[in-house]
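Reader: Hey, I'm new to this one. Can you walk me through it?

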Amino acid sequence: LPIMDSLGSAYLDAGMHDDALRTFRRTLGIVEQTLGEGSIEAVTQLCNIGQVYHMKGRVNEAVKCYIDAIDIVEGLVDGDGTDNSDNSDDGTASSLHTTRYLQGLQL
């Protein structure tokens, strides 16, 4: 999946927003099928999709993606930082990083 993230980011950098959106949506579908809808990887893809929507001026759709991502993160990490995900090896650090990222967004 990192290669798909790179492809989506390259499209985004090139101003090819529709291609970036299509790539990030495809990646989200793969993530949801293989890792589940509530995985931290799904959060990453929702944030990517939200970023594209934001750049396209589709703010309401961007906000929905970010809120969906926040809902997943809240399900993965308790208020005290306890990891509730199945992949507790590295899920906590990743979840906490994503939580901080989402908290920094100015919605």
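Reader: What span should the 12 residues of helix 1 have at 1.5 Å a residue, and how far apart are its end C-alpha atoms?

Author: This is a predicted model. Helix 1 covers residues 2-13, and at 1.5 Å a residue its 12 residues should span 16 Å. Its end C-alpha atoms are 16 Å apart, so the two agree.

Reader: Why would residues three or four places apart point the same way?

Author: An α-helix has 3.6 residues a turn, so residues with that spacing point the same way.

Reader: What follows helix 1?

Author: Gly 15 does, and its phi is positive, near 80 degrees.

Reader: Switching topic: how do the axes of helix 2 and helix 3 cross?

Author: They come within 9 Å and cross at roughly 160 degrees. Angles over 145 degrees count as roughly antiparallel, and therefore that is how helix 2 and helix 3 run to each other. The crossing is left-handed.

Reader: Which residues make the contact?

Author: From helix 2, they include His 17, Ala 20, Phe 24 and Val 31. From helix 3, Glu 41, Leu 46, Ile 49 and Val 52 are among them.

Reader: Tell me about His 17. What does it touch, leaving out residues up to four places away in sequence?

Author: His 17 is in helix 2. Outside that sequence range, it touches Leu 12, Val 52, Met 55 and Lys 56.

Reader: How far apart are His 17 and Gln 51?

Author: In sequence, 34 residues separate them, and in space they are 9.9 Å apart, C-alpha to C-alpha.

Reader: One last residue. Is Thr 23 buried or exposed?

Author: Thr 23 is buried, because its relative accessible area is 9%, and under 20% counts as buried. Thr 23 lies in helix 2, which runs over residues 17-34.

Reader: So what does Thr 23 touch, again not counting residues up to four places away in sequence?

Author: Met 4, Leu 7, Gly 8 and Tyr 11.

Conventions: Residues numbered from 1 in each chain as written. Predicted model: local features only at pLDDT ≥ 70, side-chain atom pairs only at ≥ 80, totals over all residues. Heavy atoms only, no water. Helix = DSSP H or I, 4+ residues; strand = E, 2+ residues; numbered from the N terminus. Buried < 20%, exposed > 50% of the residue type's maximum accessible area, 1.4 Å probe, protein only. Contact = heavy atoms within 4.5 Å. Expected span 1.5 Å × (residues − 1). Axes fitted to C-alpha atoms, helices over the stretch in contact; angles between N-to-C directions. Parallel < 35°, antiparallel > 145°, perpendicular 65-115°, else oblique. Left-handed = near helix turned anticlockwise from the far one by under 90°.
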